[in-house]
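Have your viewer open and try each task before reading its solution.

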Amino acid sequence: MCLGIPGRIVDVAQGRPRMGTVDFDGLRREACLEYVPEAETGDYVIVHVGFAISRVDEAEAARTLAVIRAIPDALATELGTEP
Amino acid sequence: MKYLDEYRDPVLARRLLSELESTATRPWTLMEVCGGQTHTIVRQGIDELLPHGIRMIHGPGCPVCVTPLEMVDKAIAIASRDGVIFCSYGDMLRVPGSGGDLLGVKARGGDVRVVYTPLDAVSLAVANPDRQVVFFAVGFETTAPANAMAVKQAASLGLDNFSVLVSHVLVPPAITAILDAPDNEVTAFLAAGHVCAVMGWTQYEPIAAAYRVPIVVTGFEPLDLIEGIVMAVRQLETGRAEVENQYVRAVRRTGNSRARDTIDEVFTLTDRTWRGIGEIAHSGLRLSEAYRHHDAETRFPVEREATRESEVCIAGEILRGTRLPTDCLAYGTACTPRHPLGAPMVSAEGTCAAFHTAGRGRQATLEEQ
Ligand code: SF4
């Protein structure tokens with residue numbers, strides 16, 4: 001649960017807390033963007049348990065995703081798609 | 001060099017490793033604190049590629065592994081109550097308590113649910129006003145901002161049926177405890193990149209200065225780790241003891257101030273027992289007075305039960321870095337990721353699970369390294 005997964009913000013909603021949709025390599029999830037007020041649609045962020053905590057560039061996002069894919073079930077566990 | 005070709009940039013990895021070879025003149029022992037980093041190190045065989053004398057010890061950075069048995073037992077007791085919807089991150093469900101796990105509660109008809117984010121638990125409380133929703137708030141500084149926000153959200157919605165069972169742990173006091181141990185061998189630390197993305201690294205500066213120990217904030221991709229190791233060894237060899245940042249792509253010195261402020265508002269420092277390690281002063285977070293209303297421990301008083309660890313499991317020694325999973329008699333036989341006897345075999349971030357996934361055999365022992 002502590003890994004943190006990079007994804008791209010595809011849409012930002014109004015309201016509090018600030019929420020948005022983040023695309024993790026094709027899988028889309030709601031995420032809270034309250035801690036990254038500067039991040040907008042198109043930006044890459046690292047998401048922990050549904051919260052973006054840091055902005056990263058696209059190349060870094062790709063590298064980190066590659067690492068996470070190498071860890072069995074990590075993506076599924078982090079994104080809550082496990083049974 | 002059997003694993004080197006799998007690296008995303010084998011040329012750079014080779015260059016860094018040969019620099020390490022020429023820099024290291026003495027044996028050094030480094031500890032990586034983050035379980036994600038342990039996974040990369042073991043899977044990629046980085047520890048086996050290091051020059052002779054440079055040793056990696058795997059630290060206690062797996063949130064599932066260090067959650068105290070007493071808390072797991074409390075979670076099981078609360079989850080077993082009628083009218084409770086108990087929510088948790090997936091990997092906590094299989095952590096063995098004294099007499100079973102949360103998955104067992106679910107099998108017996110308990111309403112135990114896996115959530116992806118604590119905000120999902122808040123939504124469940126909104127949707128089920130006649131039920132009590134309890135969220136198991138575990139983890140390091142990385143999950144604390146999320147859990148803090150969930151509590152704030154529940155408070156602002158005036159939800160009387162949402163509470164959290166808080167068992168947060170903090171990295172800097174654990175580093176200090178490891179350094180204070182009489183048998184400590186660690187000469188440098190790789191600090192967890194994503195913990196520092198939230199907290200920054202100012203808290204590590206007094207530790208590095210007081211204990212004369214280099215601390216390098218490191219990411220968790222193979223090249224990050226090799227570079228972090230090189231940076232730490234360079235410091236050791238030149239007699240420096242500073243905090244350096246290898247993970248510049250995601251971490252700034254003061255971290256994420258909004259996230260830190262929310263943690264400070266909702267939580268306050270507390271002493272915390274770490275599974276396998278024991279109590280460490282001021283090493284955890286509990287709800288602050290203003291949010292006590294949402295504390296599951298006060299809402300559902302649980303008799304303190306006698307806790308019972310598995311007799312064969314040597315998780316404590318593994319979390320302190322004094323033994324390896326391969327030293328455990330149950331490793332790979334009675335204890336596997338499908339049927340874990342101890343917490344380090346449960347989550348992908350646990351050292352035993354990392355060793356098992358990487359196919360490490362029983363022969364390696366600390367003495368042989
Ligand atoms: S292999 Fe299993 S039983 Fe042995 S120390 Fe690890 S978790 Fe405990």
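The exercises below concern a predicted model, and each is followed by a worked solution.

**Exercise 1. Strand S2 of chain A**

Task: Find the strands that pair with S2(A), and work out which faces of S2(A) are covered.

Solution: 
- Step 1. Begin with strand S1 (residues 5-12) of chain A, which pairs with S2(A) in the antiparallel sense over four bridges. Within this pairing, A:Asp11 has A:Thr21 as its bridge partner.
- Step 2. Turn to strand S3 (residues 27-32) of chain A, which is also antiparallel to S2(A), with six bridges. Here A:Thr21 stands opposite A:Glu30.
- Step 3. Recall that side chains in a regular strand alternate between the two faces of the sheet.
- Step 4. Sort the residues of S2(A) by side: A:Met19, A:Thr21 and A:Asp23 lie on one, and A:Gly20, A:Val22 and A:Phe24 on the other. Both faces are covered, as all of these residues are buried.

**Exercise 2. Turns and loops in chain A**

Task: Locate the positive phi values in the two hairpins, then look for a cis peptide bond and a positive phi at a residue that is not a glycine.

Solution: 
- Step 1. The hairpin of S1(A) and S2(A) has six residues between the strands, and A:Gly15 in its turn has a positive phi of about 115°.
- Step 2. A:Pro17 is in that loop between S1 and S2. The peptide bond from A:Arg16 to A:Pro17 is cis, with omega about -10°.
- Step 3. Two residues separate the strands in the hairpin of S2(A) and S3(A), where A:Asp25 has a positive phi near 55°.
- Step 4. Move on to the loop between strand S4 (44-48) and strand S5 (51-56) of chain A, where A:Val49 is placed. Its phi is positive, about 35°, although A:Val49 is not a glycine.
- Step 5. Is A:Val49 buried or exposed? Its relative accessible area is 4%, which is under the 20% cut-off, so A:Val49 is buried.

**Exercise 3. Local features of chain B**

Task: Describe the setting of B:Arg212, helix H5 and the hairpin of S10(B) and S11(B).

Solution: 
- Step 1. B:Arg212 sits in the loop between helix H11 (204-211) and strand S8 (215-218) of chain B, and has a positive phi near 55°. At 53% relative accessibility, B:Arg212 is exposed.
- Step 2. In helix H5 (residues 69-79) of chain B, nine of the eleven residues are buried, so the helix is largely enclosed by the rest of the structure. Among the buried residues are B:Asp73 and B:Lys74.
- Step 3. Strand S10 (residues 267-274) and strand S11 (residues 278-287) of chain B run antiparallel, joined by seven bridges. One of the bridge pairs is B:Leu269 with B:Leu285.
- Step 4. Three residues lie between these strands, and B:Gly276 in the hairpin has a positive phi near 80°.

**Exercise 4. Domains and ligand**

Task: Characterise the contact between the domains of chain B and the shell around the ligand.

Solution: 
- Step 1. Count the contacts: 25 residues of domain 1 touch 24 residues of domain 2.
- Step 2. Take the area: the two domains bury about 1900 Å² between them, with 64% of it on carbon and sulfur atoms.
- Step 3. Finish at the ligand, which is surrounded by 13 residues. The closest include B:Cys313 and B:Ile314. By class, the shell has twelve nonpolar residues, one polar and no charged.

Definitions and conventions: Residues are numbered from 1 along each chain as its sequence is written. Chains are lettered from A and ligands numbered from 1 in the order in which they are written. This is a predicted model: local features need pLDDT of at least 70, side-chain atom pairs count only at pLDDT 80 or more; totals for chains, interfaces and linings use all residues. Side-chain values use heavy atoms; hydrogens and water are left out. Buried means under 20% relative accessible area, exposed over 50%, partly exposed in between (1.4 Å probe, protein chains only). Two strands pair if DSSP finds at least two bridges between them. A residue is near a molecule or strand if one of its heavy atoms lies within 4 Å of it. Ala, Val, Leu, Ile, Met, Phe, Trp, Tyr, Cys and Pro count as nonpolar, Asp, Glu, Lys and Arg as charged, and the others, Gly among them, as polar. Contact means heavy atoms within 4.5 Å. Buried area is the accessible area (1.4 Å probe) that two parts lose on being put together, summed over both.
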